[in-house]
Amino acid sequence: MTPNLPVFILIPISPHTLTQKPMILPSKSSISFIAKNKYSNRKIMVSIDRQGNYTLPSGAKIKFSIYKKSNSQRKKGHF
């Protein structure tokens, strides 16, 4: 993958089976899912772009998409 492709990659961390593969999605996509711990009501940890970890209750709905900077927010050499 080259950095200028208009895509983002959703990667499962520590999948329990090899059937869970990374997904390459168009940059205009919006992804939603419900974080559920099917074995208990314990909290779930989500990591987004290595910027931080978030602890969510089981059953929390998560929606994300690519952040688009406006032209006024862009600095020379930064995209």
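The report below goes from the chain as a whole to its aromatic pairs.

This is a predicted model, in which local features need pLDDT of at least 70 and side-chain atom pairs count only at pLDDT 80 or more, while totals for chains, interfaces and linings use all residues. Residues are numbered from 1 along each chain as its sequence is written, and side-chain values use heavy atoms, with hydrogens and water left out.

The protein chain has 0 helices and 6 strands, where helices (H or I, at least four residues) and strands (E, at least two) are DSSP runs numbered from the N terminus. Of its 79 residues, 13% count as buried, which is to say under 20% relative accessible area, with exposed meaning over 50% and partly exposed in between (1.4 Å probe, protein chains only).

A search of the whole structure finds 2 aromatic pairs; rings of Phe, Tyr and Trp (its six-membered ring) pair if their centres lie within 6.5 Å, and planes under 30 degrees apart count as stacked, over 60 as edge-to-face and the rest as tilted.

| Pair | Centre to centre | Angle between planes |
|---|---|---|
| Phe8 and Phe64 | 6.1 Å | 65° |
| Phe33 and Phe64 | 6.3 Å | 85° |

Phe8 lies in strand E1 (residues 7-10) and Phe64 in strand E6 (residues 60-65), so their pair ties together parts that are 56 residues apart in sequence. Phe8 counts as buried at 12% relative accessibility, whereas Phe64, at 23%, counts as partly exposed. The pair of Phe33, in strand E3 (residues 30-35), with Phe64 in strand E6 links parts of the chain 31 residues apart. Phe33 is partly exposed, with a relative accessible area of 33%. Ring pairs link Phe8, Phe33 and Phe64 into a cluster.
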